[in-house]
Amino acid sequence: MSSSVAPDEGDEERKAIPDYITEHTGLDDVSARKLVSDTCLASLAGFVFGGGLSIRPTADAFIEANRTTKFTNKLHMQSELNTAVMNRFMVRGSYWGWRTGAFVGLFNIMVQTLNHKRGKRDLWNVLAAGTTLGASFGVTSGPRGIAMGGLGGGALSLWFGLLLQGSWVLENYVEKQKALEQQSTPTATMAEVKTQPESS
């Protein structure tokens with residue numbers, strides 16, 4: 001006697017969220033995992049880049065500000081310098097890290113959504129996403145910031161979009177070649193298999 005198990009309502013709710021997102025944005029499990037990894041890598045790269053830019057200016061400022069400061073010894077001076085550099089590194093790294101991660105994550109979501117809504121992947125989707133995000137990041141700086149952010153985001157997205165366009169063209173070419181190879185491969189029908197003589 002077989003018994004049927006009623007589906008858990010919690011499972012249905014958990015499935016409804018990805019289905020809804022996929023329906024409206026085109027994001028599936030694979031693209032979502034790629035989105036998370038790209039965002040994390042971008043945040044890490046922004047953190048290292050922003051923090052690295054602050055090392056030399058912070059060290060120069062510390063030396064200039066403490067020319068007349070009397071330290072206990074050279075080790076004490078080096079320790080204070082390292083502390084100042086590290087603190088500034090963390091501040092500037094965090095400043096750049098979350099902004100870079102947010103930009104890359106939102107950029108990928110917008111590009112994926114535009115690809116899904118328009119039904120095609122092209123350079124215009126990338127340009128629209130980059131320009132819009134760049135302008136939105138410059139809102140706090142007024143009209144000039146919006147204009148500069150839009151231009152900067154558009155320039156970066158243009159460069160990145162050309163790379164994406166090339167990868168999409170190559171991907172489509174590979175898919176077409178695989179389809180042609182499958183069509184040209186002969187397949188035996190069931191009737192042909194039955195009419196083949198059995199080997200003794």
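Helices H3 and H4 pack at an angle of about 140°, and their axes lie 9 Å apart. That makes H3 oblique to H4. Angles under 35 degrees count as roughly parallel, over 145 as roughly antiparallel, 65 to 115 as roughly perpendicular, and the rest as oblique. The axes are lines fitted to C-alpha atoms, for helices over the stretch in contact, and angles run from 0 to 180 degrees between N-to-C directions. Helices are DSSP runs of H or I with at least four residues, numbered from the N terminus. The crossing of H3 and H4 is right-handed; that is, the near helix is turned clockwise from the far one by less than a right angle.

This is a predicted model: local features need pLDDT of at least 70, side-chain atom pairs count only at pLDDT 80 or more, and totals for chains, interfaces and linings use all residues. Residues are numbered from 1 along each chain as its sequence is written, and side-chain values use heavy atoms, with hydrogens and water left out.

Now take H4 (residues 123-137) with H5 (residues 142-184). Their axes come within 7 Å and cross at roughly 155°. That makes H4 roughly antiparallel to H5. This crossing of H4 and H5 is right-handed. Their contact has 10 nonpolar, 10 polar and no charged residues. Here Ala, Val, Leu, Ile, Met, Phe, Trp, Tyr, Cys and Pro count as nonpolar, Asp, Glu, Lys and Arg as charged, and the others, Gly among them, as polar.

Next come H2 and H3. They pack at about 150°, with axes 5 Å apart. The crossing of H2 and H3 is right-handed. Their contact holds 17 nonpolar, 15 polar and 4 charged residues.

Aromatic rings come next. Rings of Phe, Tyr and Trp (its six-membered ring) pair if their centres lie within 6.5 Å; planes under 30 degrees apart count as stacked, over 60 as edge-to-face and the rest as tilted. The count comes to 6 aromatic pairs. One of them joins Phe 47 and Phe 89 edge-to-face, at 5.6 Å centre to centre and 85° between the planes. Phe 47 sits in H2 and Phe 89 in H3, 42 residues apart.

Last, the largest pocket. A pocket is an open set of points on a 1 Å grid over the protein atoms alone, where a 1.4 Å probe fits, with protein on both sides within 12 Å along at least five of seven lines; lining residues have an atom within 4 Å of a point. Its volume is about 1400 Å³, the space filled by probe spheres set on the points. Of its 44 lining residues, the closest to the centre are Thr 100, Phe 103, Val 104, Phe 107 and Asn 108. H5 gives the most to this lining, with 13 residues.

Definitions and conventions: Helix = DSSP H or I, 4+ residues; strand = E, 2+ residues; numbered from the N terminus.
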